[in-house]
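This report is a reading of one protein model, to be followed with the sequence and the coordinates in view.

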Amino acid sequence: MKYLVVSDNHGDRQILVDLFEHYKDQVDYLFHCGDSELAEDDSVWKGVYVVTGNTDFDSQYKKFQVVDTGKDIVYLTHGHLSSVKMGMTQLDMQAQEYQANIALFGHTHQLGCEVNKGRLFLNPGSILQPRGAFPIKTYAVIESTETSFQVQYYDRNFEALEDLSFEFNK
């Protein structure tokens, strides 16, 4: 099962159009972790699981979503309501509540992934305004198998970032 994860495009609609078109036949699920600054009923969201961020003002967005893919249970949120800038504890508790084995979030604009107690926590970074140690505009693709999570980060040109490829046992 493959998942595309993107976040924090802050009004750059075209990058989402390009990403979703590029990956439409390559991934099973599309996830957006908030701060799109687009309307909830924008046509770009067709087939995409999306949540509200702290700069999304359309009240129709959900605060979080739980998606059962048949292989994984994904907890999707922006992170500002989970205090992710202070750590993963609150996000972990929220994901546990729904027995999610993947927790996706944005908000910090800093890419990162780790597995704790069998649960993958992943921030795809920001596709527009990156921060932190990797000042690259990024998104991520997760390949979930029976035994592992394989995470690959990419830049806006759909190029795999060799130093940002990870594999975790489930």
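The sections below take up a sheet, a helix, the nonpolar cores and one serine in turn.

The model is a predicted one. In it, five strands form an open sheet with mixed pairing, arranged in the order β4-β5-β6-β8-β7. The edges are formed by β4 (64-68) and β7 (112-116), each of which pairs on one side only, and the twist from one strand to the next averages 15 degrees.

At one end of this order, β7 and β8 run antiparallel and are joined by five bridges; Cys113 has Leu122, in β8, as its bridge partner. Helix α2 packs on the sheet, where it touches β5, β6 and β8, and its direction makes about 125 degrees with that of β8.

Within α2, which spans residues 89-97, the buried residues are Leu91, Asp92, Gln94 and Ala95. Seen down the helix axis, the buried residues of α2 fall within an arc of 165 degrees, so they line one face of the helix. Their cover includes β5 (73-77), β6 (102-104) and β8 (119-123).

Thr89, Met93 and Glu97, on the other side of α2, are exposed. The helix is followed by Gln99, a residue with a positive phi near 55 degrees.

## Nonpolar cores

The largest nonpolar core comprises 23 residues, and those with the most contacts inside it are Phe31, Leu104, Leu120, Leu122, Ile142, Val151 and Tyr153. At least two residues of this core come from each of β1 (2-6), β2 (29-32), β5, β6, β8, β9 (138-144), β10 and β11 (160-169).

Leaving aside residues up to four places away in sequence, Ile142 touches Met1, Lys2, Tyr3, Val5, Leu104, Leu120, Leu122, Phe149, Gln150 and Val151. Another core, of 19 residues, lies apart from the largest one and has Leu19, Phe20, Tyr139 and Tyr154 among its members.

The side chain of Ser148 makes a polar contact, at 3.5 Å, with the side chain of Glu167. When residues up to four places away in sequence are not counted, Ser148 touches Glu143, Glu167, Phe168, Asn169 and Lys170.

Note on methods:
Residues numbered from 1 in each chain as written. Predicted model: local features only at pLDDT ≥ 70, side-chain atom pairs only at ≥ 80, totals over all residues. Heavy atoms only, no water. Polar contact = N/O pair within 3.5 Å; in protein donor to acceptor, adjacent residues only side chain to side chain. Contact = heavy atoms within 4.5 Å. Buried < 20%, exposed > 50% of the residue type's maximum accessible area, 1.4 Å probe, protein only. Helix = DSSP H or I, 4+ residues; strand = E, 2+ residues; numbered from the N terminus. Arc of directions from axis to C-beta. Pairing = 2+ DSSP bridges. Axes fitted to C-alpha atoms, helices over the stretch in contact; angles between N-to-C directions. Core = buried A, V, L, I, M, F, W, Y, C linked by side-chain atoms within 4.5 Å.
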